[in-house]
Amino acid sequence: MAVVWRAGRDGVEYEVRRQGRTLRLYANGVQHSEFHPQRLVTGSVWDLLWLPVLLGEPDHLRRVLVLGLGGGSLIPPLRRLVDPLAMVAVELDPLHLEVAEQQFGVGEFGVETVCADAVEWVNAYDGPSFDLVVEDLFAPSNTNVTRAVPASKRWLQQLQALVSPRGMLVMNFGDWAEYRRSDATVKPKGWGSGFRLATPDCHNAVIVWTRQTTSSKALRRRVQADEELARELALGRLDYSIRQLF
């Protein structure tokens, strides 16, 4: 695997490594993003962040917000599966943004990138709601892979306020135990269904709340209806489990 870009900032060493056409972003040796220009499936946690859009009708998700862009792994799948009218991505780390824009080329996918603290941005936001909010906030200096912002009652309320009446909220946790210690375990009001997604490749637990009632069968049905995803599922490269929480 060849190193094609390297930088350092505030005690964090960043690298972009290339293997074939796959690019991976590392911070202090921990992988934060993976990008392939023509492949949706990574076989890891990044698949769990876009899979939830198939719990409902993807074309209903017209406005998308990503908190914690990283290198931008999520952007091409969202453009391919959802093709939203507006896509905003907030990222605190300017070097992550540099990688996303200059190495991974996310600007070509029509995303508005904002270099800002996600908590401050959410506090200050005064605009229309979003049909999909993906919250993936992990500090690049943290080698333990734990959340940078605690999933407290206040933070959850702020995130919920961003989501439209037919939308969904996706949150990434370092593992199931981190989720269980958080306020996100309390069944929220005003939501139709809740799920936990996982993959054998990593410990992360991705939690999804949908305003409208849906099921894991609906997700599987839409995966199998997509030629590329059905092939990846059959080959075992799209390897996920889903558990209904409510």
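Modeller: Start with pairing. Two strands pair if DSSP finds at least two bridges between them. One case here, in what is a predicted model: in β11, the bridge partner of Leu169 is Trp209.

Biologist: How many bridges join strand β9 to strand β11?

Modeller: Six. β9 covers residues 163–173, β11 covers residues 205–210, and the two run antiparallel.

Biologist: What is the order of strands in the open sheet?

Modeller: Eight strands line up as β7-β6-β5-β8-β9-β11-β10-β12. The pairing is mixed. From one strand to the next, the twist averages 15 degrees.

Biologist: Which strands stand at the edges?

Modeller: β7 (112–115) and β12 (241–244). Each has a single partner strand, so one side of each lacks a neighbour in the sheet.

Biologist: Which strands does helix α5 touch?

Modeller: Helix α5, residues 153–162, packs on the sheet against β5, β8, β9 and β11. Its direction makes about 140 degrees with that of β9. Helix α3, residues 94–103, also packs on the sheet, touching β6 and β7. The direction of α3 makes about 160 degrees with that of β7.

Biologist: Now the core. Which residues have the most contacts inside the largest nonpolar core?

Modeller: Trp50, Leu51, Leu78, Leu132, Val223 and Leu229, in a core of 52 residues. Helix α1 (residues 45–50) gives the most to this core, with five residues. Another core, of 28 residues, lies apart from it and includes Leu67 and Leu169.

Biologist: What is Trp50 in contact with, leaving aside its neighbours within four places in sequence?

Modeller: Its contacts include Leu40, Val41, Pro77, Leu78 and Leu229.

Note on methods:
Residues are numbered from 1 along each chain as its sequence is written. This is a predicted model: local features need pLDDT of at least 70, side-chain atom pairs count only at pLDDT 80 or more; totals for chains, interfaces and linings use all residues. Side-chain values use heavy atoms; hydrogens and water are left out. A nonpolar core is a set of buried Ala, Val, Leu, Ile, Met, Phe, Trp, Tyr and Cys residues joined through side-chain atoms within 4.5 Å. Buried means under 20% relative accessible area, exposed over 50%, partly exposed in between (1.4 Å probe, protein chains only). Helices (H or I, at least four residues) and strands (E, at least two) are DSSP runs, numbered from the N terminus. Contact means heavy atoms within 4.5 Å. Axes are lines fitted to C-alpha atoms, for helices over the stretch in contact, and angles run from 0 to 180 degrees between N-to-C directions.
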